[in-house]
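Please look through the sequence and the model below before reading on. The briefing that follows groups its points by topic, so that each part can be checked against the picture.

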Amino acid sequence: MTIAICDDSVIDCLLSKFLISEYFKKRKMTCSIITYETGAKLLSDFENGTVFDIVFMDIYVGDELGIDVAGKLRNEGYDNLLIFSTITPEYAIASYSVKANGYILKPFSGERIESVLNRVLEHYVRDYIRIKVRNSYVNIMYSDIIYIESRNNRCILHTADEEYPLYMKLDDIEQQMLDEKSRFLRCHRSYIINMDHVTAVDEQFRLDNGDSVLIRSRSRAQIKKTYLCYSGKGKA
């Protein structure tokens, strides 16, 4: 899970980062937190492909209004969780115009962070990966991904209709996918499969688009067992 904190107060940034980290650590969940002192830098990173699951946005960010920054973020396609923070509830109603999911008053405390995160995360599931295609970004639904392979110093994401180049390491993609969905399985140093698209398994995984994917030989028994347990065809 990747979290952005946009706040021009260094002290508030550090405190909220610490409290959010502690929240996820206690729940044995991984998170990456990026802090921003300006809305412009946050918007730039998002436009350049950074995916955020949660954005904590201060109502006042330097000379900018956080609601204006959030509006631009929404207009650029951000549709994940958005939580405003401020010393005053003055903008609480206005925050809903940018589809805010929560509102937290300063000063930050562990209890306030816990309360808002418990509520917004209760039913939150991000069901896509955001990737760059030529000069823009698209969201690919996890359910549409058949497999991802590492080939010639880049990765290829396969769906039923198209192949997308990913300029990331397969190890990094694996971490992101496994954090999000148990359906994905690293079955070989060069492959991650979506087990929902497997039609048969022997020495390889047979996929519903007609492709076959190698299984790492030294771990074949365990990998096949993982798939069989996931699909309900084997015992845990």
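Predicted model: local features only at pLDDT ≥ 70, side-chain atom pairs only at ≥ 80, totals over all residues.

For sorting residues by class, Ala, Val, Leu, Ile, Met, Phe, Trp, Tyr, Cys and Pro count as nonpolar, Asp, Glu, Lys and Arg count as charged, and the others, Gly among them, count as polar.

**Domains**
- The protein is divided into two parts, with domain 1 running from residue 2 to residue 122 and domain 2 covering residues 134-231.
- Taken over C-alpha atoms, the centres of domain 1 and domain 2 are separated by 32 Å.

**The cavity and its lining**
- When the whole structure is searched, one cavity of 30 Å³ or more is found, and the volume of the largest cavity is about 50 Å³.
- The residues that line the largest cavity are Ile5, Cys6, Asp7, Ser16, Phe56, Met57, Asp58, Ser85 and Phe108.
- Sorted by class, this lining of the largest cavity consists of five nonpolar, two polar and two charged residues.
- Two strands, β1 (2-6) and β3 (54-58), each supply at least two residues of the lining, and β3 gives the largest share, which is three residues.

**Asp58**
- Asp58 is located in strand β3, and this residue is also listed among those that line the largest cavity.
- Is Asp58 buried or exposed? Its relative accessibility is 6%, and because buried means under 20% relative accessible area, Asp58 counts as buried.

**Helix α3**
- Helix α3, made up of residues 66-75, is mostly covered, since seven of its ten residues are buried.
- The buried residues in α3 are Gly66, Ile67, Val69, Ala70, Gly71, Leu73 and Arg74.
- Just after α3 comes Gly77, a residue that takes a positive phi of about 110 degrees.

**Helix α7**
- Helix α7 spans residues 220-231 and has twelve residues.
- From its first C-alpha to its last, helix α7 reaches 16 Å, which is close to the 16 Å expected at 1.5 Å a residue.
- Just after α7, Gly232 takes a positive phi of about 85 degrees.

Terms used
Residues numbered from 1 in each chain as written. Heavy atoms only, no water. Helix = DSSP H or I, 4+ residues; strand = E, 2+ residues; numbered from the N terminus. Expected span 1.5 Å × (residues − 1). Domains from an automatic or database assignment. 1 Å grid on protein atoms, 1.4 Å probe; cavity = no way out; pocket = protein on both sides within 12 Å on 5 of 7 lines; lining within 4 Å. Points joined across faces, edges and corners; volume = space filled by probe spheres on them. Buried < 20%, exposed > 50% of the residue type's maximum accessible area, 1.4 Å probe, protein only.
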